[in-house]
Amino acid sequence: MLNEGPKTPKPHEFAESVAQSDGYELAAAQTALAQSRNPRVRAFAERMIADHEQMARALRDAAKASGLEPPHPHVGGDQMRFLASLQSLRGLEFDREYGRQQMLVHTSALAMMRSYADKGSDSNLRRMATSSTTIIERHLQTARELQQSFM
């Protein structure tokens, strides 16, 4: 039997994953605003809050339109460890780790969104994933630039 790659998640699983991603982004951005004095880090964090609040609303609307329980942003799993490590850092050390984590989580989020946009079984969530892809691509590019500024 030919391996066709990772299985596309069920609609509720995808919605839960996106809600966790949004939850981490919101919490990490709040942490960045509290702990960083770097204007570029702070501007990025403010953008993350605005965009991920918007994306969380789009997710809730898509889930509701599909008859699913609308998920709310929350931090879970591996993201708890990421957030805990951020909260223990300050100054340049914080800024570097925040940039590194943003590269990792946005790379992962982009892959998840693209996959569901292409192969997901729920049309409302597929549309939301498609529209979110552009935003996440922009976040990833900005995170890359931010990370490079600390090298």
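Val 41, Phe 44, Ala 45, Met 48, His 52 and Met 55 of helix H2 are in contact with Phe 94, Asp 95, Tyr 98, Gln 102, His 106 and Met 113 of helix H4. By class, the residues of this contact are 8 nonpolar, 3 polar and 1 charged. The model is predicted.

**Packing of H2 and H4**

- Two packed helices are described by the angle between their axes and the distance between the axes.
- H2 spans residues 39-65 and H4 spans residues 91-119.
- The two axes come within 12 Å and cross at roughly 30 degrees.
- Angles under 35 degrees count as roughly parallel, and H2 and H4 are therefore roughly parallel to each other.
- The crossing of H2 and H4 is left-handed.

**Largest nonpolar core**

- In soluble globular proteins, nonpolar side chains tend to be buried together.
- The largest nonpolar core in this model has 39 residues, and Phe 14, Tyr 98 and Met 113 touch the most other members.
- Two or more residues of this core come from each of helix H1 (11-35), H2, helix H3 (78-87), H4 and helix H5 (123-149).
- The most come from H1, which gives 10 residues.
- Tyr 98 and Met 113 are also among the H4 residues that meet H2.

**Met 113**

**Ile 136**

- Beyond its neighbours within four places in sequence, Ile 136 is in contact with Met 55, His 106, Ala 109, Leu 110 and Met 113.
- The C-alpha atoms of Ile 136 and Asn 38 are separated by 22 Å, and the two residues are 98 residues apart along the chain.

**Ser 21**

- With a relative accessible area of 14%, Ser 21 is buried.
- Not counting residues up to four places away in sequence, Ser 21 touches Gln 79 and Ala 109.
- Ala 109 is also one of the contacts of Ile 136.

Terms used
Residues numbered from 1 in each chain as written. Predicted model: local features only at pLDDT ≥ 70, side-chain atom pairs only at ≥ 80, totals over all residues. Heavy atoms only, no water. Axes fitted to C-alpha atoms, helices over the stretch in contact; angles between N-to-C directions. Helix = DSSP H or I, 4+ residues; strand = E, 2+ residues; numbered from the N terminus. Parallel < 35°, antiparallel > 145°, perpendicular 65-115°, else oblique. Left-handed = near helix turned anticlockwise from the far one by under 90°. Contact = heavy atoms within 4.5 Å. Nonpolar A, V, L, I, M, F, W, Y, C, P; charged D, E, K, R; others polar. Core = buried A, V, L, I, M, F, W, Y, C linked by side-chain atoms within 4.5 Å. Buried < 20%, exposed > 50% of the residue type's maximum accessible area, 1.4 Å probe, protein only.
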